[in-house]
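Here is a short report on one protein chain.

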Amino acid sequence: MKNSVFPLVDSNASVAPLLIKRIDAIPVSLPLIKPMFMAGVRIEAAHNLVVRIEASNGMVGWGEAASAPLMTGDVQDGMLAVVNQILKPLLIGQNALDHARLARICHAGIHGSGGPKAAVDTALLDLCGKYLDVPVSDLLGGAVHKELRPMYLLGNASNDDNLIEAVEKLKQGIQFFKLKVGVKPVKEEIRFTLQLREELGPFVTLCADANTGYSLSAAKEYLSGIADAGLLFFEQPLRSGDVRGMALLARSTQIPLCADEAISEIKDILDYHAAGAASGINLKTIKIGGMSEAVRAANVCEALGLQINLACKVAESTIGAAALLQLGAVINNLDWGISITNHYLVADLATDPIHAVKGGITLARKPGLGIDVSDAEVNRFRTR
Ligand SMILES: [Mg+2]
């Protein structure tokens, strides 16, 4: 840490320290119920990293991060190496209750590597929350939402299946959908977006995400074709480095643009805002490097008047979902919704998986992440 006029705090001097004794980085492969199709990739299983942090008193905290070669550049072996070789030596023997300081130490400890940093940060916060008997949202500033209503992703190989699934989920109470585009011919995607709006009716919230799969001309064609579809926003049509293209596109349409793959640090948010290239930001802990850093990014977005869509990668188990819900609880400007992804998995890693009831999830005040991770399930899906 840099020198400061303030002494480094022993932030919990009145509470016995919670010394970090052991950190396990566990690679898992979690099969999806069916493949998810998005631009450039067909996802059949989630190759994630689970992090287990054990304190000297025997208490345990859990975190998770998805590999995302096309988004963060993180692959499973690399995430494993970052935790074992870089982050673990920084943390062993430290007081976990200094989680905010430790998050910054980890952040400064290696460039990028948002996934492993996020898994470690989440596990630290889970551990501290359990020890202090408070939910993680309390450690992040306090909840402002008591209930969240996640969106549902439509990413089937065929639009016929997308339609069947959307109608089925609508009957179950889901009122917010994100359609994956950038996969099929643009005229087909325009036709289906309009059909989907017609089928869902005018009051269901609908957005679309091209995952960098469009050229500027294709994105303009899509936006002009679906101008009457009432999309809440259109996410990352162009490749992540094309800020200029996104700015040109933003000036050509009334539909707000969201930046996702382009955002890996707070500076990217400032750059997109300065260029007028997005009206909102998709925040993921694996891109930004943890829950603590995501709160800082959300505060920046709020100050700039940018909307926020908070999301797990496809797919993360209940560990990642619980972390996202705790984060969602404290983010005020969550106007573009939240996306958890554990329900796309064949099996989960917690004994009581998170699931929406009639489209909503009420946030209970439980310690830490508020979940019980199953050692047996983690071991069943671990790859080595
Ligand atoms: Mg996206």
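**Domains and their contact**

This is a predicted model. Domain 1 puts 43 residues into the contact, and domain 2 puts in 45 residues. On the side of domain 1 that touches domain 2, at least two residues come from each of β1, β2, β3, α2 (99-109), α3 and α4 (136-139). Helix α3 gives the largest share of that side, with 11 residues. By residue type, the side of domain 1 that touches domain 2 divides into 24 nonpolar, 12 polar and 7 charged residues.

**The core**

The largest nonpolar core holds 123 residues. V51, I281, I308 and I319 have the most contacts inside it.

Setting aside neighbours within four places in sequence, I308 is in contact with G280, I281, L283, A298, C301, I331, N333, L334, D335 and W336. One of these partners, I281, is also among the core residues with the most contacts.

An open sheet of 3 strands runs in the order β1-β2-β3, with antiparallel pairing. Strands β1 (20-38) and β3 (60-66) are its edges, and each pairs on one side only. On average, neighbouring strands of this sheet are turned by 20 degrees against each other, direction ignored. Helix α3 (residues 114-132) packs on the sheet and touches β2 and β3. The direction of α3 makes about 155 degrees with that of β3.

Strands of a sheet pair through backbone hydrogen bonds, in a parallel or an antiparallel way. Here β2 (residues 41-55) and β3 are antiparallel and share 7 bridges. E54 stands opposite V60 in β3.

**Parallel strands**

Elsewhere the pairing is parallel. Strand β6 (residues 176-180) is parallel to both β5 (residues 152-154) and β7 (residues 205-209). The table sets out the two pairs.

| Strand pair | Sense | Bridges | A facing pair |
|---|---|---|---|
| β5 and β6 | parallel | 3 bridges | Y152 and F177 |

Is β7 enclosed or open to the outside? Strand β7 is largely enclosed by the rest of the structure, because 4 of its 5 residues are buried. Strand β6 is mostly covered, with 4 of its 5 residues buried.

Q76 sits in helix α1 (residues 76-91). Is Q76 buried or exposed? Q76 has 21 C-beta neighbours inside 10 Å, so it counts as buried; the cut-off is 20 or more. Not counting residues up to four places away in sequence, Q76 touches P27, H47, L49 and S67. A65 is 11 residues from Q76 in sequence, and their C-alpha atoms are 9.4 Å apart.

**Backbone details**

Two residues have a positive phi although neither is a glycine. They are S113, at about 55 degrees, and D133, at about 60 degrees. S113 is in the loop between α2 and α3. D133 is in the loop between α3 and α4.

Which of the two is buried, and which is exposed? S113 is buried, because 24 other C-beta atoms lie within 10 Å. D133 has 11 other C-beta atoms within 10 Å, so it is exposed; the limit for exposed is 12 or fewer.

One more backbone point is a cis peptide bond. It joins V314 and A315, and its omega is about -5 degrees. A315 belongs to the loop between β11 (307-311) and α12 (318-330).

Key. Residues numbered from 1 in each chain as written. Predicted model: local features only at pLDDT ≥ 70, side-chain atom pairs only at ≥ 80, totals over all residues. Pairing = 2+ DSSP bridges. Axes fitted to C-alpha atoms, helices over the stretch in contact; angles between N-to-C directions. Contact = placed C-beta atoms within 7 Å. Nonpolar A, V, L, I, M, F, W, Y, C, P; charged D, E, K, R; others polar. Core = buried A, V, L, I, M, F, W, Y, C linked by C-beta atoms within 7 Å.
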